Amino acid sequence: MSEPLLSIEGLSKAYPGVQANDNVSFTIQPGEIHALLGENGAGKSTLVKMIYGLVRPDSGDMHLHGKHYMPHKPSEARALGVGMVFQHFSLFEAMNVAENITLGMEDAPPRLELAQKIREVSNAYGLPLDPDRLIGDLSVGERQRVEIVRCLLQNPKLLIMDEPTSVLTPQEVDTLFTTLRKLSAEGVAILYISHKLDEIKALCGSATILRMGKVVDTCIPAEETAHSMAEMMIGGELAMPSAREFTPGEVLLELDGLALASLDPFGTSLENVSLQLRAGEVLGVGGVAGNGQDELLLALSGERLVDKDMVKLKGVGIGSLGPTARRALGLLAAPEERLGHAAAPDMSLSENGFLSGWVRMKLTKSGFVRRGRRDDFARDIVSRFDVRTPGISNAARSLSGGNLQKFVIGREVLQGPTVLVVNQPTWGVDASAAAAIRQALRDLAAEGAAVLVISQDLDELMEMSDSFAVLAEGHISKPQPAHGLSIEKIGLMMGGNLEESAHA
Amino acid sequence: MLRLEPRLQPSRPMRLITPVLAVLLTMLFGGLLFAALGVDPVEAIKLIFWDPFFHPTYGAYSMSQLLVKAGPLILIAVGLSIGFRAGVWNIGAEGQFIMGAISGGAVGLALYPAAGIWVLPLMTVAAALGGFLWAMIPALLKIKFNANEILVSLMLVYVAENFLAAMVTGPLQNPQGFGFPESRSFTGVDSTTLPMLYQPLGMHAGVVVAFIVVIAAYVMMERHLLGFQIKLTGESPRAAKFAGVKPAVIVAITLGISGALAGMAGLFELTGPAGKLTTNFPVGYGFTAIIVAFLGRLNPFGIVLAGILMALTYIGGELTQLTLGMPAAAISVFQGMMLFFLLAVDVFVNYRLVWKKEVK
């Protein structure tokens with residue numbers, strides 16, 4: 001084997017409470033298309049940010065062309081021939097293509113010369129671009145071209161692409177692959193981040209698989225099946241639930257052909273989501289983030305309205321009711337983002353308890369706030385859910401992530417919901433808080449409520465759920481009993497093969 | 001090097017000290033400005049902050065102007081502060097003030113010269129309605145088309161000013177006024193004259209209304225669900241949506257309240273100090289009230305203090321013009337400085353200054 005282009009030796013990076021990367025090592029050869037594969041939170045983003053100079057590793061080393069390589073900032077990485085195309089673009093809509101490209105360059109050539117170069121490079125790689133067009137007028141795929149061409153103008157030796165196809169149409173994906181293959185043939189190495197197994201099989205020559213910050217495997221995608229790669233990604237040590245005593249009661253929540261267009265250009269619209277949730281049941285909804293999870297939560301919390309009969313609570317259509325009316329009827333929700341969505345950062349804990357609790361806990365009287373009851377409710381949450389805080393008059397943002405999450409979950413659980421929907425209930429939360437939250441949700445179901453848990457953490461879902469479904473590209477699979485599932489089956493469902501699993 | 005570090009909890013003492021600090025800084029830099037204009041700065045500052053109360057000749061008259069000037073500022077600023085808490089930026093209170101005066105005045109003129117104590121309340125209701133409707137224009141445009149309420153409400157000030165000019169040379173012109181561009185005098189008829197309750201401080205009925213509104217606004221913002229929803233919308237729009245607050249409703253309510261209060265202030269000005277509609281009727285209370293609202297920390301009681309302080313700079317400013325020949329614009333700059341310094345020192349509420357060696 002020739003001298004590797006980039007060798008990564010034992011990189012580690014820890015964030016408070018999370019070991020994002022743990023002793024990661026692999027090499028990339030010149031001209032190689034190398035896949036970095038893993039679930040959300042596996043540490044892919046942290047790793048490429050270290051290669052691109054956005055994040056400094058705690059320990060470990062890198063060599064580029066055999067020379068020591070440790071960029072302090074992206075401009076250093078770019079100067080040494082490492083470019084990166086982010087999943088979310090950093091382009092100014094009111095400026096044209098050439099102007100946007102100029103902004104990212106250290107010493108930009110004169111305007112006409114640059115425009116000429118943009119035309120040459122973009123045509124040479126099959127990504128035609130008109131330098132004078134406004135970004136605001138371009139499609140998402142064309143915007144990505146701008147980002148790619150911006151990198152290509154600096155003659156990179158290594159191009160990092162972070163989930164490039166998540167925003168593209170199938171035709172655009174084909175064009176992109178042609179370009180990437182051409183670059184590879186010219187000796188440019190590509191580090192390709194994705195969780196779309198079919199794409200990796202079609203495009204990449206080798207793959208490194210990350211799980212919980214560690215390299216768990218390497219493979220040659222062409223010699224694997226989407227199946228086998230999914231298994232490597234999820235890991236063999238996934239604890240399967242033992243059969244749980246579970247006698248489902250009446251249907252509490254029913255989704256019937258729920259459809260909701262996403263307002264976020266990077267979001268996924270929900271299409272024909274149908275499921276039933278029964279009393280005493282915890283339904284885990286897995287799947288990779290950005291496949292409609294946020295939209296599902298908004299459609300259930302009532303922040304986005306849908307047709308009346310798409311969401312039924314105890315048989316009554318409530319799809320057209322807003323959050324307050326749904327809470328009054330017993331459908332509660334806890335969104336993923338703690339600060340700024342589930343809680344107002346600068347408001348006190350007692351006000352944040354009031355925020356979602358005032359209807360059910362009767363914290364108002366003819367419109368006036370019953371301050372005593374409001375504070376009692378907040379104190380109750382703090383003591384019953386072991387929220388560590390000096391007092392309920394402290395601002396929400398002064399709490400640690402885990403403590404605030406316990407407060408947010410506790411706030412909903414203590415209201416005695418009929419159905420509770422939570423999104424990423426333990427994301428970024430330390431182990432003991434996570435365990436407490438999971439137990440609280442299980443207890444809630446044991447008392448006869450129905451709980452819908454949306455999460456990217458398969459271990460968590462397997463630990464908690466009675467039944468399990470996967471949300472992929474806005475579609476949901478048919479929920480199945482969790483204890484009968486195999487890793488193989490989950491892998492299939494996650495790969496977007498919903499048809500097969502739905503009939504299995 | 002000096003660095004700003006965010007505080008986990010906003011500092012309460014700082015919240016209370018910053019307005020005082022801002023006033024002191026304004027005195028200092030305002031003094032420098034006055035010195036540059038060739039005026040003795042100590043004398044000028046004394047004229048603005050001290051003489052309105054204690055000057056042997058002007059004192060008594062100045063005192064009687066204090067609440068006359070503070071009243072409309074407080075009434076408008078309380079309305080604006082409610083919107084500002086929700087992140088709804090009504091910059092057009094001046095226009096709503098004018099439209100209130102025109103609507104209320106038109107009712108008064110239509111009834112002229114009817115007697116009876118019901119005339120003035122009726123005019124007040126009409127004025128509130130006029131200001132409310134004028135504020136509904138930016139509200140609806142924001143709700144329907146997401147138009148920026150700052151620009152729309154501000155532009156409508158100039159429309160209102162021209163509408164006023166058209167009215168006083170047209171339908172509302174005094175038929176016995178020898179063609180002057182002005183309406184009949186409202187203070188010439190008892191039923192359309194705002195009662196003066198305590199002359200030495202200039203406490204007219206409008207000031208009483210302003211104080212009642214201050215208390216009502218405090219109760220609403222601190223004790224009522226609506227006040228909570230307004231604050232929540234301003235603090236965190238997404239959390240507000242999660243809590244079930246409809247943003248469009250908040251926009252309409254907050255703009256509506258501030259418009260109605262500005263309209264009422266316009267009527268009190270018209271039936272009291274101004275006496276009649278002329279093209280010189282608007283004197284900028286609607287804009288100064290923005291400063292008052294922030295100087296008072298968007299808190300109704302803070303606004304009372306800030307309104308009185310700002311009234312003082314108006315009165316003192318007139319004294320400096322009278323006795324020192326200082327240009328009127330200088331006092332406007334002085335008032336603007338106060339807002340500038342308040343916003344500047346405000347940083348210390350949420351940040352603290354720390355001395356740190358630079359780490360490489």
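Student: Where is A:Y52 found in chain A?
Tutor: A:Y52 is found in the loop between helix 1 (44-51) and strand 4 (59-64) of chain A; helices (H or I, at least four residues) and strands (E, at least two) are DSSP runs, numbered from the N terminus. This is a predicted model, in which local features need pLDDT of at least 70 and side-chain atom pairs count only at pLDDT 80 or more, while totals for chains, interfaces and linings use all residues. Residues are numbered from 1 along each chain as its sequence is written, chains are lettered from A and ligands numbered from 1 in the order in which they are written, and side-chain values use heavy atoms, with hydrogens and water left out.

Student: Is A:Y52 buried or exposed?
Tutor: A:Y52 counts as buried, because its relative accessibility is 5%. Buried means under 20% relative accessible area, exposed over 50%, and partly exposed in between (1.4 Å probe, protein chains only).

Student: Which side chain makes a polar contact with the side chain of A:Y52?
Tutor: That of A:R78, at 3.0 Å. A polar contact is a pair of N or O atoms within 3.5 Å; within protein, one must be able to donate a hydrogen and the other to accept it, and residues adjacent in sequence count only if both atoms are side-chain atoms. Not counting residues up to four places away in sequence, A:Y52 touches several residues, including A:P71, A:M84 and A:I160, where contact means heavy atoms within 4.5 Å.

Student: Changing topic, where is A:E147 found?
Tutor: A:E147 is found in helix 5 (residues 140-152) of chain A. A:E147 is buried, with a relative accessible area of 6%. Its side chain and that of A:R150 are joined by a polar contact of 3.3 Å.

Student: Which residues is A:E147 in contact with, leaving aside neighbours within four places in sequence?
Tutor: They are A:V85, A:F89, A:S90 and A:L91.

Student: On to the two chains: how many residues does the contact take from chain B and from chain A?
Tutor: Chain B gives 22 residues and chain A gives 32 residues. The two chains bury about 2300 Å² between them, 58% of it on carbon and sulfur atoms. Buried area is the accessible area (1.4 Å probe) that two parts lose on being put together, summed over both.

Student: Which residues in chain B lose the most area to chain A?
Tutor: B:R223, B:F228 and B:F242 do, together accounting for 31% of what that side buries.
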